[in-house]
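The structure is shown first.

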Amino acid sequence: MRPNVLGRAIRGQWRLVTISSVLYAGHQGTEALVPVLIGVVIDDAVATGSGGALLRWIGVLAAVFLVLSMCFRFGARTGERASYQAGHALRLQLTERVLDHRGGAEANRLSGALVNIATDDAKRVGAVNLALPIGIAALSGLVVGGVVLLSMSLTLGLLVLLGIPLLLWAAHLLGKPLERRSHAEQERAAHASGVATDLVGGLRVLKGIGAAPAAIARYRRTSQNSLAATLRAARAEAWHDGAMLVLTGLVVAVIALVGGRLAAQGEISVGNLVAAVGLAQFLLGPLTIFAWVNGQLAQGRASAARIASVLAAPYSVPPGTAALPESVAGRLRLHAVSHAALRQVDVDVAPGELIGVVSTDPGAATALLECLGRETDPATGSLSLDGVPLDTLNPDELRTAVLVAAHDADLFEESLIDNVRAGRDGDVRPALSAAAADEVAETLPDGVRTVLAERGRSLSGGQRQRAALARALAANPPVLVVHDPTTAVDAMTEARIAAGIRATRDGRTTVLVTTSPALLAVTDRVVLLDGGAISAEGEHADLVHGNERYRTTVLA
Amino acid sequence: MSGNGERADALLPTAGGARIRAVLGELLRARRSLAIGALATMFVATGIGLLIPPLLGHVVDLVAGREPADAITTPVVLIVLVAIAQGGTTAFGLSLIAKLGEGMLASLRERFVQRALHLPLEQVERAGSGDLTSRVTTDVSMIADAVRNALPELARSVLTIGLTLVGMALLDWRFLLVALVVTPIHVVTVRWYLRRAVPLYAAQRVAAGAQHHQLLDTVGGARTVRAFRLGDEHRERVNRRSWSAVELMMRGVRLVTGFYNRLNLAEFVGLGTVLGAGFVLVQNGAVTIGTATAAALYFHNLFNPINAALRLVDDAQVAVASLARLVGVAELPEPGEPSGVRPPADASIRVSALGHAYVPGHHVLRDVDLTIRPRERIALVGASGAGKTTLAKLIAGVHRPTAGSIALGGASLDELGPAATRETVALISQEVHVFAGPLADDLRLARPDASDEELRAALDRVGALDWARALPDGLGTVVGEGGHRLTVTQSQQLALARLVLADPPIAILDEATAEAGSAGARVLEAAADRALAGRTALVVAHRLTQAALSDRVVVLDAGRVVEIGSHDELVAAGGPYATLWEAWSDTRQHSP
């Protein structure tokens with residue numbers, strides 16, 4: 001069941017929306033008084049030549065303008081606030097869903113497209129909170145106009161009051177295809193900006209092989225497709241606007257026809273006819289506003305559907321209710337685990353053990369890491385930590401004890417030291433030194449306080465790896481799983497890092513998924529996964545000498 | 001945050017008013033007849049719309065003149081016809097305006113992406129790629145909004161104001177003068193507004209950019225955020241950035257309401273003056289009461305179009321701020337091609353007295369001299385930070401050296417120019433990026449006209465054909481973000497296949513095998529070996545097995561070449577390379 005994003009966005013700001021509606025209605029009402037006052041001035045002052053009456057009525061006009069001004073001032077402020085706050089709330093909800101510990105929201109979506117949903121679509125849904133008060137004020141203007149007409153003539157009044165719902169219904173019908181068009185057009189536009197984001201993201205790769213011209217040609221095609229879709233939507237919207245003009249013209253014509261005949265037959269006065277025609281013209285305003293509000297609602301609905309599809313994305317794993325013991329010893333057990341490339345893996349890691357896992361198949365290593373971090377539950381078999389099955393634990397609870405430091409971990413746009421601290425207090429210097437990230441800091445202009453570019457892109461691969469490893473070590477979790485932390489690091493530094501990991505993780509369970517002999521040399525024990533199944537187990541030195549498959553995997 | 005000020009400085013260029021006008025003029029000239037057609041159609045549509053009030057007046061006259069009821073039918077039918085004509089012409093005019101505006105926008109964003117992809121990498125990195133993407137997403141959508149809403153409204157309002165003022169002058173020339181009395185209030189208001197709006201909109205753009213950046217950081221790094229349980233912190237950051245954008249938007253709203261309040265004042269003063277003038281003119285017998293009424297109603301009818309036209313000053317501000325950011329990049333000079341391109345004579349590389357500093361005074365490379373023969377394979381070795389990557393990037397023409405020169409096949413990089421350099425040398429770094437879309441499209445970035453057979457041959461050469469065939473839709477499988485996820489090894493095999501397709505005589509691999517982990521590294525080393533066959537190659541290697549297999553090894557330390565020679569020579573020499581090799585082979589053998 002998809003959440004009703006639009007309804008919730010409106011309900012969340014109902015106070016502001018209500019206040020804004022009342023003020024906008026006040027604005028509408030006082031605006032309608034202005035032409036009435038013009039008539040009064042003509043009648044009372046210009047026609048009679050009374051200077052006193054002129055001054056008096058101009059004073060009244062000033063008062064009306066004052067109210068009109070203030071109603072608009074505060075109606076707009078509350079309405080806009082409701083609009084921006086709703087957009088902000090949606091942005092946070094989307095962030096919350098994407099970051100949810102159970103995962104699953106990023107599946108099948110470009111992150112550029114997700115960012116687009118969190119910015120533009122959230123804004124469009126929020127904008128409904130401004131469109132509503134304006135629409136409601138227009139509606140009340142229509143009703144007041146209708147009531148005045150009714151008091152003059154039952155026929156004219158009924159005509160308008162019955163005609164309005166009919167017109168609204170027609171506007172709704174006209175808006176439907178627009179909504180579909182708008183949906184398709186926005187998808188295309190999101191795709192075009194997704195392609196642009198992707199190309200900009202791969203800028204270095206493109207430049208490396210001189211493919212920028214080909215990429216430009218490709219973007220041009222995407223942009224032209226998007227242009228064609230936009231123009232189709234714009235044409236639909238233009239004809240929608242045109243049709244609304246015709247409809248409102250018809251309403252004016254009908255009022256003129258009926259009112260004119262009534263006046264000619266003496267049923268209403270000429271003054272009433274003038275007022276009716278004037279009101280019909282005044283009603284043009286609210287009716288054009290309806291067309292606009294309708295368009296805003298159509299866009300808002302299309303955007304709300306996209307937001308709902310993210311919020312309702314299925315989670316990668318179900319939650320759990322079990323709790324970990326107060327102090328986690330770090331006994332990790334895998335029993336007959338089969339998942340993706342993993343086949344019937346049985347491993348028992350003792351508390352405090354430093355174990356190496358060598359996989360001949362990179363896919364099996366990745367599958368193992370996903371299971372250990374509970375980014376997924378294994379197809380068959382089970383994993384447990386201190387005897388608690390992992391699939392009974394909330395992923396978030398599990399991650400308080402088990403940290404899986406992925407090979408392609410992202411750094412963030414903040415200082416190196418803040419990246420390493422990752423929101424924790426305490427002295428991170430030992431971790432920096434163990435990961436040889438202190439050497440990285442020395443090459444940076446402001447040392448550890450240097451602010452990194454987004455996702456750490458201002459660092460080289462080896463520097464990023466060392467910063468990411470320092471972060472994992474500084475977190476000091478009861479169980480640390482590290483995947484290939486030194487593939488871009490030179491041999492001498494790698495040896496230093498191996499010693500650093502050994503010293504820092506002394507007495508705490510650590511799983512090193514790697515084929516680097518420098519790292520494997522410091523482990524207590526190594527498990528060899530060949531084709532996803534365990535084929536050998538033992539100390540690194542023994543395996544190097546005694547196992548041909550191990551030797552060729554580790555020592556190229 | 002302390003980084004904010006620096007980031008603002010480091011942002012990509014924004015264009016000034018003159019540049020923007022020139023670009024808009026150029027885009028308009030390319031669509032001259034469309035622009036004229038759109039304007040003419042809107043003129044007709046507005047003119048037709050102004051016929052409705054006189055027709056209603058005619059109905060009133062007929063009734064007041066005690067004409068028979070049936071006489072009303074004619075003006076009413078005319079009103080219907082006018083409405084239909086107005087609807088039709090408006091729809092047509094609006095679609096023409098959309099075609100004009102959207103076409104200009106598409107040209108502009110395409111030019112933007114074209115220039116963006118030619119930007120020097122250093123500049124993009126300093127600004128953050130979020131700056132580029134927010135320009136191509138948020139700014140483009142801001143301008144699209146203006147094109148879709150502001151442009152047609154401006155056309156209609158200006159036409160209505162013009163035609164109504166003509167009407168007032170026809171009643172009595174003095175009414176026109178009185179109507180223009182309030183113009184100073186308008187001028188002062190617009191000035192007051194712009195003085196505050198310009199810096200405010202600039203601040204809004206910066207805040208929107210920062211919000212976009214933060215979302216890219218948080219959403220793109222979601223896995224890491226979850227693993228380190230940084231969710232609260234990142235939610236708070238998104239909250240903070242988003243909220244500061246909201247607050248700035250609200251300041252904008254307060255400014256705009258102040259603007260309208262001042263326009264309300266102008267409306268009141270104007271209407272009061274017109275009524276007063278009517279009073280005086282009627283007393284003097286210069287005009288009739290009916291004319292005074294008409295003048296007041298005409299002036300009242302100007303309220304909406306005047307407000308609409310002046311409000312567009314506001315939309316125009318937003319659009320111009322966005323436009324400045326698009327044009328700023330779109331109008332960067334094209335990288336200059338030398339007048340007479342000197343083609344490389346062979347696939348040799350000569351580097352002389354090369355030096356480089358990213359920050360002045362902070363030398364990363366000094367006095368590097370190096371000659372590489374055609375088809376020779378060189379391994380570049382050294383500790384992290386020794387300058388290997390910088391040297392690789394300089395030879396590939398990514399950065400311009402601060403000192404010394406580089407020649408490929410006897411022609412300096414300047415003589416070659418960017419296009420020929422692109423064809424001569426390729427750089428594959430450790431950065432893995434799979435382009436979103438079908439696998440074949442990704443490969444065709446390297447050679448757009450490659451046949452499926454050529455794509456398969458290239459994949460086969462880097463040992464990737466088996467898994468590529470096994471993908472759900474083969475070469476048509478959608479890969480990259482949002483599609484089928486490839487492993488790091490597969491992604492780098494793809495990068496090497498692109499190299500095979502691009503087929504440059506010189507190739508530079510900067511730890512291209514590093515990210516895959518050592519199991520994948522061996523697969524990639526074999527793939528790289530085949531991809532490099534027949535090319536002059538410079539391989540930045542951290543796995544010394546790669547060094548041992550190359551023709552010569554160059555050892556860099558602190559930005560200088562400290563040793564050059566074959567693997568055996570250097571091991572025998574007992575210098576820095578021998579020490580490195582010892583550390584390496586030590587871990588490899590691990591014998592007691």
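## Domains of chain B

In this predicted model, the centres of domain 1 of chain B and domain 2 of chain B, taken over C-alpha atoms, are 53 Å apart. Domain 1 spans residues 11-330 of chain B, and domain 2 spans 349-589. Four residues from domain 1 of chain B and five residues from domain 2 of chain B make up the contact.

Between them, domain 1 and domain 2 of chain B bury about 350 Å², with 50% of that area on carbon and sulfur atoms. On the domain 1 side, the touching residues divide by class into one nonpolar, one polar and two charged. Zero salt bridges are found across this domain interface.

## Interface of chain B and chain A

The size of an interface is often expressed as the accessible area that is lost when the parts come together. For chain B and chain A, the buried area is about 13900 Å², of which 66% is on carbon and sulfur atoms. In chain B, the residues that lose the most area to chain A are B:L117, B:R226 and B:F228, which together account for 6% of what that side buries. The contact involves 155 residues of chain B and 159 residues of chain A.

## Polar and charged pairs between the chains

Seven salt bridges are counted between chain B and chain A. One of them pairs A:E375 with B:R223, where the closest N and O atoms are 3.1 Å apart.

Helix α11 of chain B (residues 231-283) supplies 28 residues, the largest share of the side of chain B that touches chain A. By class, that side of chain B holds 73 nonpolar, 51 polar and 31 charged residues.

## Residue B:A457

Which helix of chain B holds B:A457? B:A457 lies in helix α16, which covers residues 452-461 of chain B. B:A457 has a relative accessible area of 46%, so B:A457 is classed as partly exposed, the class between the 20% and 50% cut-offs.

The C-alpha atoms of B:A457 and B:A203 are separated by 53 Å. Along the chain, B:A457 and B:A203 are 254 residues apart.

Key
Residues are numbered from 1 along each chain as its sequence is written. Chains are lettered from A and ligands numbered from 1 in the order in which they are written. This is a predicted model: local features need pLDDT of at least 70, side-chain atom pairs count only at pLDDT 80 or more; totals for chains, interfaces and linings use all residues. Side-chain values use heavy atoms; hydrogens and water are left out. Contact means heavy atoms within 4.5 Å. Buried area is the accessible area (1.4 Å probe) that two parts lose on being put together, summed over both. A salt bridge is a side-chain nitrogen of Lys or Arg within 4 Å of a carboxyl oxygen of Asp or Glu. Helices (H or I, at least four residues) and strands (E, at least two) are DSSP runs, numbered from the N terminus. Ala, Val, Leu, Ile, Met, Phe, Trp, Tyr, Cys and Pro count as nonpolar, Asp, Glu, Lys and Arg as charged, and the others, Gly among them, as polar. Domain bounds come from an automatic or database domain assignment. Buried means under 20% relative accessible area, exposed over 50%, partly exposed in between (1.4 Å probe, protein chains only).
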